[in-house]
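Here is a short report on a model you can follow along with in your viewer. Have a look at the structure below, and then read on.

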Amino acid sequence: MTALAATQRARLNASASRPESIVMDMKNSSPASPRRTFFTQASAGVALLALAPGVRLVDLALARAQDEPASAAQRWGLLVDVDRCVSGCDACVSACNTEHGLGDSERPQTDAQWIRKVDLVDNNTGRQLSLPLMCQHCEEPPCVDVCPTGASFRRADGIVLVDKHTCIGCRYCMMACPYKARSFIHEDLTGQKTHAPRGKGVVESCTLCVHRVDRDESPACVEACTDAGREALVFGDINDRNDPLATQLAETTTRELRADLKLNTAVRYRGL
Amino acid sequence: MIWGDLIERGCKWLSCAMRVVVMTIALSLGTSVIEVYAEVSQPVFPSARGEQCVEPVDIMRRDHFEFLKHQRDKTVREGIRTPRHSLAGCIDCHADKDAQGRFVPVNAKGQFCQSCHVYAAVKIDCFSCHAARPSERVSQSP
């Protein structure tokens, strides 16, 4: 959940809790017009947010401006609640494929996989798990360490990406990644989406839907999981203590995959 | 001595005459080369949708790739998605529609990018990865 959404929620709560009689009084007890109601409710929201100059209950930090670079003040992350994830459900995978135009070739064996569903069985107890596995957006990404051209990079807000303009397709990053999160494109592609340029000869992986994050939306997989009624994925800013993701990370036990590698991943798992 | 002078003068005259002949041949050849070039038709492409390009036309003709390159680095590396010098912004304005009202790729024959690049004999690599039509939701338009 983003700061924008949080602000909107605060405003909604403010307007919901506002007594209707106050609106009525302003119109001499006649029913308030929708337009008037809107303005009074909006001003109630502003009053709540700005108690005094410089003092706010809820920060007005909306989406960063379009011409502003991504900032290290944020670190985008993902929490996977394994208890809510169901074997056989691939809503996240298909949403990812649709969003980025993946998986349309005639040879599915070599199709790019930005997310894959993994089913696990504990042989001792028989406990069965299902979880989505994607780029873990490490703070210390091995893919960035090994890249000979600097194409593999970590954006200021923690999203690990491939600059396909400089990628030479050597695939060192694929070998370095402990999560096997990256895919190589073997064949010419057609019908790419405007927001997801993809082509032969370069490596690619989950971008945490960077184009959606840049316009203050959640990744497609998170939205699909919520729409499917699972709510196993929570997206947010790890650095923002008021963010639902950061709150859950602070309050519950979560795990990094391969924590022994000390990569400090931005994708965490609960119930694993 | 007299004979010697005469021979020297004759040689000078001959070399002058040779120069004139060579110059004439060169000039005529040059003219014909210019004539051949004049026969190559200028690129013709559909007009853009917007009223004004993001930069003056003569600057865009020469430097559009510089703008695109700077913008691509800003977008990929820093997440700055302003439409002004973006490839998606170019395509939004310069993609033409066919008789059925569908967008034609800008790299198709006779279209905006392709017509000029064929004329200049410069291969475009952009569209092996990037979409050559505007997205369904034209989100990048200025």
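B:Ala121 sits in the segment after α4 (112–120) of chain B, where helices (H or I, at least four residues) and strands (E, at least two) are DSSP runs numbered from the N terminus.

This is a predicted model, in which local features need pLDDT of at least 70 and side-chain atom pairs count only at pLDDT 80 or more, while totals for chains, interfaces and linings use all residues. Residues are numbered from 1 along each chain as its sequence is written, and chains are lettered from A and ligands numbered from 1 in the order in which they are written.

Most residues other than glycine have a negative phi.

| Residue | Phi |
|---|---|
| A:His137 | near 45 degrees |
| B:Ala121 | near 55 degrees |

A:His137 lies in the loop between β5 (128–134) and α5 (142–146) of chain A. A:His137 counts as buried because it has 27 C-beta neighbours inside 10 Å.

Now to chain A as a whole. Nine helices and eleven strands make up its secondary structure elements, and 33% of its 272 residues count as buried. Of the contacts (C-beta atoms, placed from the backbone, within 7 Å) between residues at least 6 apart in sequence, 60% join residues at least 24 apart. The average pLDDT, the predictor's confidence in each residue from 0 to 100, is 84 for chain A, and 77% of the residues score at least 70. Residues 1–50 of chain A stay under 50 in pLDDT, with 44 contacts beyond four places in sequence in the model. Residues 52–61 of chain A are also below 50, and this stretch has 14 contacts beyond near neighbours in sequence.

Which strands form the open sheet of three strands in chain A? The order is β10-β3-β11, with mixed pairing; two strands pair if DSSP finds at least two bridges between them. β10 and β11 (267–270) stand at the edges with a single partner strand each, so one side of each has no neighbour in the sheet. Neighbouring strands are turned by 20 degrees against each other on average, direction ignored.

Strand β3 (residues 76–81) pairs with β10(A) in the antiparallel sense over five bridges. A:Val80 has A:Leu233 as its bridge partner, and A:Leu78 stands opposite A:Phe235. Five of the five residues of β10 (residues 233–237) are buried, so the strand is largely enclosed by the rest of the structure. A:Leu233, A:Phe235 and A:Asp237 point one way from β10(A), and A:Val234 and A:Gly236 the other way. Helix α9 (residues 244–251) of chain A lies across β3, β10 and β11, running at about 105 degrees to β10(A); axes are lines fitted to C-alpha atoms, for helices over the stretch in contact, and angles run from 0 to 180 degrees between N-to-C directions.

Notes. Buried ≥ 20, exposed ≤ 12 C-beta atoms within 10 Å, placed from the backbone. Contact = placed C-beta atoms within 7 Å.
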